[in-house]
Amino acid sequence: MSHPHPELSAPSALPPGALRVIPLGGLGEIGRNMTVFEHEGRLLIVDCGVLFPEDKHPGVDLILPDFEPIRDRLSDIEALVLTHGHEDHIGAVPYLLRERPDIPLVGSQLTLALLDGKLREHRLKDVQKNVVRERQRVQFGPFDLEFVAVNHSIPDALAVAIRTAAGTVLHTGDFKMDQLPLDGRLTDLRAFARLGEEGIDLFMVDSTNAEMPGFTISERDITPVIDRIFARAERRIIVACFASHVHRVQQVMDAAVEHGRKVAYVGRSMVRNMGVASDLGFLRVPPNTVVDVREVDKFEPNEVVLISTGSQGEPLSALSRIAARDHPQIRIEPGDTVVLASSLIPGNENAVFRVINGLARWGADVVHKGNALVHTSGHASAGELLYAYNIVKPRNVLPVHGEIRHMRANADLAVSTGVRRDRVVVAEDGIVVDLIDGVVRVAGKVECGYVYVDGSTVGDITETSLKDRRILGEEGFISVIVVVDSVNGKVVGGPEIKARGFAEDDSVFDPARVLIEEALGRAGREGTDDTYQLQQLIRRTIGKWVSDTHRRRPMIIPVVVEV
Ligand SMILES: [Zn+2]
Ligand SMILES: [Zn+2]
């Protein structure tokens with residue numbers, strides 16, 4: 001969402017030979033990452049993700065970056081680089097391709113394979129896909145790209161170095177520096193160092209965990225905890241995690257084999273993603289391990305483990321339905337063990353605790369991040385970020401991927417390693433940053449708001465309609481219908497007052513009805529007969545009465561019918 005920066009205006013034209021960075025999402029929030037680079041009149045985009053709605057966005061399915069600032073320049077786009085397959089980086093790709101289907105996509109094998117399902121859902125065919133690997137170099141217009149392996153909570157993630165005539169950018173994507181990763185694929189610090197020696201003019205760095213001191217715990221430290229859970233469980237085990245966390249699923253799969261249990265995937269995205277990951281060799285599935293969820297009842301409770309979606313308490317997910325005893329195949333029984341092997345994304349707390357309470361009510365033992373080491377973050381903590389700055393020694397820094405507090409903390413880390421304070425820019429979505437003669441500066445701002453997906457509509461829901469939904473949800477709704485004689489302006493019917501979500505008995509409105517009758521009577525004597533004015537009068541009268549006597553501000557719909 002673009003933030004008020006009254007001191008900034010639209011940026012002037014980019015001087016020749018300079019590089020412009022336009023963040024359209026992900027700077028100021030965790031989600032819907034999208035950054036546009038402009039150079040020599042051409043555009044390169046890095047990531048195009050979604051943000052998941054919170055309670056304050058009732059009825060909204062997804063939130064997209066705002067494409068408006070580039071809408072009349074779609075033909076200038078050379079490529080869309082996808083750093084990894086998380087929803088906050090690839091979820092909005094189909095919506096951008098709807099506007100120009102032949103934008104070349106660039107990403108690793110797993111990233112593009114995970115995107116395939118979405119492209120099919122949106123019936124996008126003949127999409128131009130360019131699979132790249134770490135250490136590979138490819139040219140798109142004036143952008144010379146080199147990819148660097150990074151370690152994250154999904155396999156096959158990449159950082160990207162962008163060489164241009166204006167200088168070299170290194171964008172980390174999401175990363176951490178697990179020194180003993182499960183798949184042995186390290187963040188390639190040797191490449192970071194080589195690029196640093198060559199000279200990084202602008203370092204764009206993941207800020208998510210910049211406030212966390214020290215180092216992010218290794219994935220390997222989770223393994224013995226999962227093993228202990230399996231050793232102790234006497235009945236069925238259900239593990240919920242992100243449907244893209246291949247390494248977590250691998251750990252659970254390995255423990256299942258070790259303890260003689262079959263594995264069943266629960267939830268559409270889990271089934272689909274793990275199919276993709278095992279087809280491509282990112283997930284090792286021993287023969288005769290995975291069974292269909294419809295067959296789990298053929299096994300004793302201590303012979304299966306279910307790996308499920310829904311670790312964030314998403315209401316329609318498998319785990320929420322299991323917790324509500326609303327799942328067609330799976331019932332929780334006393335003594336079952338449920339493991340939430342995931343982080344708790346801010347904003348989801350209530351939903352997650354609702355699920356945990358639901359499971360506990362049926363007698364399950366619930367293990368989660370709060371009571372056992374069953375999850376570790378996918379993002380670098382402060383200690384790792386310091387290493388990154390010291391290895392790369394960048395000339396300028398732009399923290400990305402975080403709320404403002406995370407980006408500020410990241411900026412301080414950069415400064416503490418010797419980057420000049422005036423070469424570190426903390427910018428939010430819409431703030432345009434130019435790299436001119438090797439120096440960054442804020443060049444202005446572009447308007448970029450939230451774009452809401454609601455059912456099949458994109459962008460039709462506005463802030464105003466969301467405000468209406470919140471008022472309806474929290475304050476209820478009152479309608480007042482009055483029938484007026486069109487000749488003499490006298491009230492001939494009503495006022496009829498109906499309320500929803502307010503009070504059980506409409507008789508509470510009797511005093512208000514009298515006030516409205518009086519107000520309409522006065523208006524009639526003063527010669528007011530305009531329908532709109534009468535409606536406003538009714539709105540004001542009942543609005544004041546509700547506010548004074550009930551301390552409520554419901555939505556009020558006055559209707560004046562002339563006969
Ligand atoms: Zn990620
Ligand atoms: Zn991310």
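Predicted model: local features only at pLDDT ≥ 70, side-chain atom pairs only at ≥ 80, totals over all residues.

Mentor: Arginine 42 belongs to strand E3, which covers residues 42-46. When neighbours within four places in sequence are set aside, the contacts of arginine 42 are Phe37, Arg73, Ser75, Asp76, Glu78, Pro142 and Phe143. With one of these residues, aspartate 76, the arginine 42 side chain forms a polar contact, side chain to side chain, at 3.5 Å. Histidine 406, by comparison, is 364 residues from arginine 42 in sequence, and the C-alpha atoms of the two are 31 Å apart in space.

The zinc site may be considered next. The zinc ion (ligand 1) is held by His84 through NE2, His86 through ND1, His152 through NE2 and Asp174 through OD, at 2.1 to 2.3 Å. The sequence spacing of these donor residues is H-x1-H-x65-H-x21-D. Because the four donor atoms subtend angles of 90 to 166° around the zinc ion (ligand 1), the arrangement is irregular; a tetrahedral assignment would require all angles to lie between 85 and 135 degrees. Histidine 86 lies in the loop between strand E5 (77-82) and helix H1 (87-90), and aspartate 174 in the loop between strand E11 (167-171) and helix H4 (189-198), so this pair links parts 88 residues apart in sequence. Histidine 86 is buried, at 13% relative accessibility, and aspartate 174 is likewise buried, at 2%. Aspartate 174 also coordinates the zinc ion (ligand 2), which is 3.3 Å from the zinc ion (ligand 1).

Definitions and conventions:
Residues numbered from 1 in each chain as written. Chains lettered and ligands numbered in written order. Heavy atoms only, no water. Donors = N, O, S within 2.8 Å, 3.2 Å for Na, K, Ca; no water. Tetrahedral: all angles 85-135°; square planar, octahedral: opposite > 155°, others 65-115°. Helix = DSSP H or I, 4+ residues; strand = E, 2+ residues; numbered from the N terminus. Buried < 20%, exposed > 50% of the residue type's maximum accessible area, 1.4 Å probe, protein only. Contact = heavy atoms within 4.5 Å. Polar contact = N/O pair within 3.5 Å; in protein donor to acceptor, adjacent residues only side chain to side chain.
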